[in-house]
2 protein chains.
Amino acid sequence: MRKPKTAAAELLNFVREGNKRRASELMTLIEEGSPEGEEYLKELAATPKRAYVLGVTGWPGVGKSSLVYRIARSLLGQNKAVGIIAIDPSSPLSGGSLLGDRERMKGIDGDERLFIRSAATRGHPGGIAKATRGFVKVMEAMGKEIVIVETVGVGQDQVSIVQMAHTVLLVVVPGLGDYLQSLKAGVLEIGDIFVVNKSDRQGADQTVADIEMMLGMNGSDGVWKPPVIKTVATNGAGTDELMRQIERHRQVLEESQSINYRRRSAAKTEILELISARCLQRIAERLNLEELLETYAERTCEGFSDPYTAVDEILRQSGIL
Amino acid sequence: MRKPKTAAAELLNFVREGNKRRASELMTLIEEGSPEGEEYLKELAATPKRAYVLGVTGWPGVGKSSLVYRIARSLLGQNKAVGIIAIDPSSPLSGGSLLGDRERMKGIDGDERLFIRSAATRGHPGGIAKATRGFVKVMEAMGKEIVIVETVGVGQDQVSIVQMAHTVLLVVVPGLGDYLQSLKAGVLEIGDIFVVNKSDRQGADQTVADIEMMLGMNGSDGVWKPPVIKTVATNGAGTDELMRQIERHRQVLEESQSINYRRRSAAKTEILELISARCLQRIAERLNLEELLETYAERTCEGFSDPYTAVDEILRQSGIL
C-alpha cells in the first residue's frame with residue numbers, strides 16, 4: 001500500500017462511518033484496479049454485515065432508473081440504509097447525468113442513508129463485474145442493508161453482475177413484441193420477479209400473459225414461481241406489490257438456504273477471476289508482456305505463428321508452466 | 001490429441017475442402033473448449049487466406065437476421081464464399097429455429113458457398129468470444145472470403161466479439177426513442193456504418209437525423225465518417241447502398257493500414273485471454289481446484305477469509321507465484 005497504514009485505517013474508518021466522499025474515493029481506486037484498492041478490499045472482507053443485493057435489469061429505456069427510485073424511496077421509508085450501483089450507460093443514475101435528473105430523484109437524493117454510485121461500462125472484459133463486486137463491499141462496509149444494482153443485463157459480463165444479486169427483477173415494457181422474444185433464450189431464467197413497467201400503455205396485459213406463458217413453458221424450480229407485476233414507475237403504481245414480492249422472495253431464499261448457495265457461487269466466481277488477473281500480473285512483472293504480445297500478434301497475423309504457440313512460449317519464458 | 005494424427009489430418013482436409021458437416025464437428029469441439037479443438041486451431045493458424053469479418057450488431061428485433069440475409073445474398077451474387085456466425089440468442093439464424101425460417105433465407109440457404117453456424121450464448125465469461133474467434137478461423141480454412149458475425153453487441157463479451165470485426169454495422173429501427181439514447185454512451189463508437197432498418201416505418205428520417213447529430217457531436221477520426229443508411233431488409237430496399245458503403249469502408253481500412261492494426265489488436269486480445277485460461281488449467285492440473293474454491297468461498301462468505309487471501313494461497317499451493 002502506498003499510503004501509510006494510518007491514512008489507510010483512517011480512510012476505512014470514514015467509510016465505515018458512512019462518509020460518502022471517502023467511500024467515493026475508495027470506489028475510484030477499486031474501479032481503476034489499483035493494488036491499493038485491492039488492499040482496502042482485503043481489509044473490508046471481514047465486514048460482518050452482509051447487504052442484500054437486488055439486481056434490476058432490462059433493456060435501456062424500460063424505466064429501470066425510475067423503478068430503482070421507487071424501490072429506494074420505499075426502502076428508505078422503512079428506515080433501511082440503501083446503496084445504488086448504476087451500470088447501464090444510458091441510466092440517468094450513472095455518469096454526470098444524475099444532476100440533470102434531480103427531479104426524478106426528488107426527496108431522496110439528499111438522504112443521508114442513500115448512496116448512489118455509477119460504474120463505467122468500458123474497459124477490459126470482466127472489469128465492470130470486478131468493480132461492481134468491490135462497490136458492493138464498500139457499501140456493505142458503509143452499513144448499507146440493501147444494495148440495488150441497475151444493469152442492462154445483456155452479455156456475459158452483465159450476466160456475471162446479475163449473478164451477484166440475491167433477487168433479480170427483469171424489467172420489460174408493453175408492446176415490445178420482438179424484443180420480448182429475446183427473453184426466451186437464456187435471459188428468462190435470470191429473473192426472479194418480472195416487472196412490466198409503463199403498464200399504463202396499451203398491451204400491458206398481453207405482455208403479462210406472454211411472460212406468464214413463457215414462464216409456464218420454462219417450468220419452475222418448485223420453490224419459487226416468478227411473479228409478473230405491473231408498474232408505472234413514474235407515478236408509483238404497483239410499487240407496493242413489487243416491494244411485497246421482493247420481500248417474499250428474500251424470505252423464500254433465506255428459508256430454503258438458497259441465499260447461502262448464491263453467495264458461495266458468487267465468491268467462487270470472484271476467486272476464479274482474481275486468479276486469472278493475478279497470473280497475468282505475475283507474468284507482466286517478469287516479462288515485457290506488452291512487447292511480447294505485440295511481437296506474437298504480428299507473427300500470428302502474418303501466419304508465422306499462432307496464438308497457442310505464443311501462449312506456450314510466453315508461459316515458458318515467464319517460468320509459469 | 002486423442003484422435004490419431006491421420007484422422008486429424010483427414011478432418012482438416014475435409015474442412016479445407018469446405019465440407020460443412022466436418023466443419024460443424026470441428027466447431028463443436030472448439031465450442032466445447034476441448035484440447036482437441038485447440039490442437040486443430042493450432043494447425044489452422046497457418047491458413048494463408050484471411051477472411052474479411054463483418055459485424056452486424058443491434059438490439060433483438062431490429063431485423064439483423066433479415067439484413068444478414070440480404071448482405072449474404074448480395075455477396076453470393078458477386079460470387080463470394082460467405083460464412084455467417086449468429087450469436088444473438090433470439091436470431092432465427094441461431095439454434096434450431098433456422099428451420100422454421102427457411103422462407104426468409106430462401107434461395108441461399110442451400111448455396112454451397114454459404115455456411116451458417118450459431119454460437120451458444122451461455123457459459124463462462126469470454127466463452128462466446130473465444131468460440132467465435134475459432135469459428136472465424138474454421139471458416140477461413142473453409143475458404144470463406146467474408147464472415148458475417150451477428151450479435152446483440154451489448155456487454156463486454158459481445159463488445160470483444162465486435163472488436164474482431166473489420167467493419168461493424170450498428171442496426172437500429174425508427175422510433176426507438178429511449179433505446180436510441182443508449183447509443184450515446186460507449187456504443188456509438190463501435191459502429192462503422194449505421195443502418196436504420198424497417199425504414200418504411202414512421203420516424204425513419206428523424207432517426208437518421210438523430211444519429212447524424214450524435215455522430216457529429218462525437219467527432220470523426222478524420223479518415224472515416226460513419227454513414228447512416230436506411231434499409232428495409234424484408235424487401236431489400238437500401239441493400240445496394242449498404243453494400244457500397246461496406247465496400248468503401250473496406251477500401252478505406254486497407255488503404256489506411258487500419259485493417260492490420262485491427263487484426264493485431266484482435267490477436268493480442270486472444271493471446272491474453274488464452275494465457276488466463278491456460279493458467280487456470282495448469283492450476284487445476286496440480287490442485288483440486290474445485291474443492292479449494294468451495295472451501296475458500298465458504299470461508300469468505302463466513303468472513304473468515306477473503307478472495308484475495310484465497311487467491312494468494314491457491315497460487316502458492318499450485319507453485320505458481
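Modeller: Let's begin in chain B, where strand 1 (residues 52-57) and strand 5 (residues 167-172) run parallel and are joined by four bridges. Strands here are DSSP runs of E with at least two residues, helices are runs of H or I with at least four, and both are numbered from the N terminus. Two strands pair if DSSP finds at least two bridges between them. One bridge you can look for links Val56(B) to Leu169(B) in strand 5 of chain B.

Before going on, keep in mind that this is a predicted model: local features need pLDDT of at least 70 and side-chain atom pairs count only at pLDDT 80 or more, while totals for chains, interfaces and linings use all residues. Residues are numbered from 1 along each chain as its sequence is written, and chains are lettered from A and ligands numbered from 1 in the order in which they are written.

Now step back to the whole sheet of chain B. It is open, has seven strands in the order 3-2-4-1-5-6-7, and its pairing is parallel. Because strand 3 (114-118) and strand 7 (228-230) of chain B each have a single partner strand, they stand at the edges, and one side of each has no neighbour in the sheet. On average, neighbouring strands are turned by 20° against each other, direction ignored. Helix 4 (residues 64-77) of chain B packs on this sheet, touching strands 1, 2, 3, 4, 5 and 6 of chain B, and its direction makes about 175° with that of strand 4. Contact means C-beta atoms, placed from the backbone, within 7 Å. Angles run from 0 to 180 degrees between N-to-C directions, with axes fitted to C-alpha atoms (for helices, over the stretch in contact). Helix 9 (residues 239-255) of chain B lies across strands 1, 5, 6 and 7 of chain B, at about 170° to strand 6.

Next, turn to chain A, which has 12 helices and seven strands. Its open sheet has seven strands in the order 3-2-4-1-5-6-7, again with parallel pairing. The edges are strand 3 (114-118) and strand 7 (228-230) of chain A, each pairing on one side only.

Here is the close look, at strand 5 of chain A. Strand 5 pairs with strand 1 of chain A in the parallel sense over four bridges; among the linked residues, Gly55(A) has Val168(A) as its bridge partner. Strand 5 (residues 167-172) also pairs with strand 6 (residues 193-196) of chain A, parallel and over four bridges. There, Leu169(A) is bridged to Ile193(A), and Leu170(A) to Phe194(A).

In a regular strand, side chains alternate between the two faces of the sheet. In strand 5 of chain A both faces are covered: Thr167(A), Leu169(A) and Val171(A) are buried on one side, and Val168(A), Leu170(A) and Val172(A) on the other. A residue is buried if 20 or more other C-beta atoms, placed from the backbone, lie within 10 Å of its own, exposed if 12 or fewer, and partly exposed in between. That makes six of six residues buried in this strand, in a chain where buried residues make up 49% of the 321 residues. Helix 4 (residues 64-77) of chain A lies across several strands, including strand 5, and runs at about 175° to strand 4 of chain A.

Technical notes:
Contact = placed C-beta atoms within 7 Å.
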